[in-house]
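Give the cut-offs behind each term as it comes up.

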Amino acid sequence: MTQEELQQLRQDYAKHALDESDVNADPFEQLKVWIEEALTAKVPEPNAFSLATVDKDGKPHNRVVLLKGMDERGIHFFTNYASDKGQEIDDNPNVSVCFLWLELERQVRIDGVASKLTEEENNEYFQVRPYKSQIGALASNQSEIVENRSILEDRFADLERQYVEGEVPKPSTWGGYSIKPSSFEFWQGRRSRLHDRIKFEQENNQWIIKRLSP
């Protein structure tokens with residue numbers, strides 16, 4: 001593909017609109033509404049979001065993870081604490097999140113601070129994961145260099161022989177984080193790039209709603 005062809009790639013968004021009067025006063029509730037609408041629209045992986053972290057040298061890193069819970073503390077995801085993302089969060093807990101539902105021409109940006117969930121919560125969620133996902137978590141030392149894929153597959157097979165379903169131990173380094181948001185931005189694509197951007201920011205423990213220019 002040439003640069004000119006890339007520059008000509010363009011989509012005019014016209015499916016929905018978003019006004020300050022349309023959004024819930026609680027951004028968590030608004031996020032739930034949009035996730036439910038993504039589910040109804042059969043968007044693939046509607047709970048997927050990109051997670052940006054910063055390492056100790058100030059370099060940003062981004063990857064996609066899955067939303068697995070939400071409460072008054074924030075939004076939750078699970079990973080290996082010894083992974084790159086886990087170590088970066090240890091060094092700097094400030095993170096940035098972006099959900100994208102392209103089929104609905106929507107995205108949600110969230111900035112916040114990540115903190116670990118309790119070990120009780122980690123164990124509770126690990127026990128309801130599919131058996132092979134449990135084995136996979138035990139087989140992989142996430143982010144560590146591995147010589148080839150067969151090493152992982154052999155380790156996986158050994159663990160399948162070692163542990164029956166319902167008896168897989170949670171890895172000591174595996175667990176969840178809660179991201180406490182300091183801001184939300186709900187973005188709705190509109191025609192002519194005049195997108196709707198509604199931002200929530202906390203002031204004096206209250207959510208203040210603002211419209212941003214696209």
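Ser183 counts as buried, because its relative accessibility is 8%; buried means under 20% relative accessible area, exposed over 50%, and partly exposed in between (1.4 Å probe, protein chains only). The model is a predicted one, in which local features need pLDDT of at least 70 and side-chain atom pairs count only at pLDDT 80 or more, while totals for chains, interfaces and linings use all residues. Residues are numbered from 1 along each chain as its sequence is written, and side-chain values use heavy atoms, with hydrogens and water left out.

Ser183 sits in strand β7. Helices (H or I, at least four residues) and strands (E, at least two) are DSSP runs, numbered from the N terminus. Leaving aside neighbours within four places in sequence, Ser183 is in contact with Arg109, Ile110, Asp111, Lys199, Phe200, Glu201 and Trp207, where contact means heavy atoms within 4.5 Å.

Strand β7 (residues 174-188) pairs with β6 in the antiparallel sense over eleven bridges; two strands pair if DSSP finds at least two bridges between them. Within this pairing, Glu185 in β7 is the bridge partner of Arg109. Strand β6 (residues 106-116) also pairs with strand β5 (residues 94-101), in the antiparallel sense and over eight bridges. There, Asn94 stands opposite Val113 in β6. The hairpin of β5 and β6 has four residues between the strands, and in this hairpin Glu105 takes a positive phi near 60 degrees. In a regular strand the side chains alternate between the two faces of the sheet.

The helices come next. The axes of helix α5 (residues 131-139) and α6 come within 9 Å and cross at roughly 125 degrees. That angle makes α5 oblique to α6, because angles under 35 degrees count as roughly parallel, over 145 as roughly antiparallel, 65 to 115 as roughly perpendicular and the rest as oblique. Axes here are lines fitted to C-alpha atoms, for helices over the stretch in contact, and angles run from 0 to 180 degrees between N-to-C directions. Tyr131, Lys132, Ile135, Gly136, Leu138 and Ala139 of α5 make the contact with Leu152, Arg155, Phe156, Leu159 and Glu160 of α6.

The buried residues of α5 are Tyr131, Gln134, Ile135, Ala137 and Ala139. These buried residues pack against α4 (119-128), α6 and β7. Gln134 also has a C-alpha atom 9.2 Å from that of Glu165, 31 residues apart along the chain. Glu165 lies in the loop between α6 (149-162) and β7. Glu165 is exposed, because its relative accessible area is 64%.

Another residue to look at is Arg63, in strand β2 (residues 60-66). The side chains of Arg63 and Glu88 are joined by a polar contact of 3.2 Å. A polar contact is a pair of N or O atoms within 3.5 Å; within protein, one must be able to donate a hydrogen and the other to accept it, and residues adjacent in sequence count only if both atoms are side-chain atoms. The Arg63 side chain also reaches the backbone oxygen of His61 at 3.3 Å. Apart from neighbours within four places in sequence, Arg63 is in contact with Phe49, Ser50, Leu51, Ala52, Thr53, Lys85 and Glu88.

Finally, the whole chain. It contains six helices and nine strands, and 36% of its 214 residues count as buried. Among contacts between residues at least 6 apart in sequence, 64% join residues at least 24 apart.
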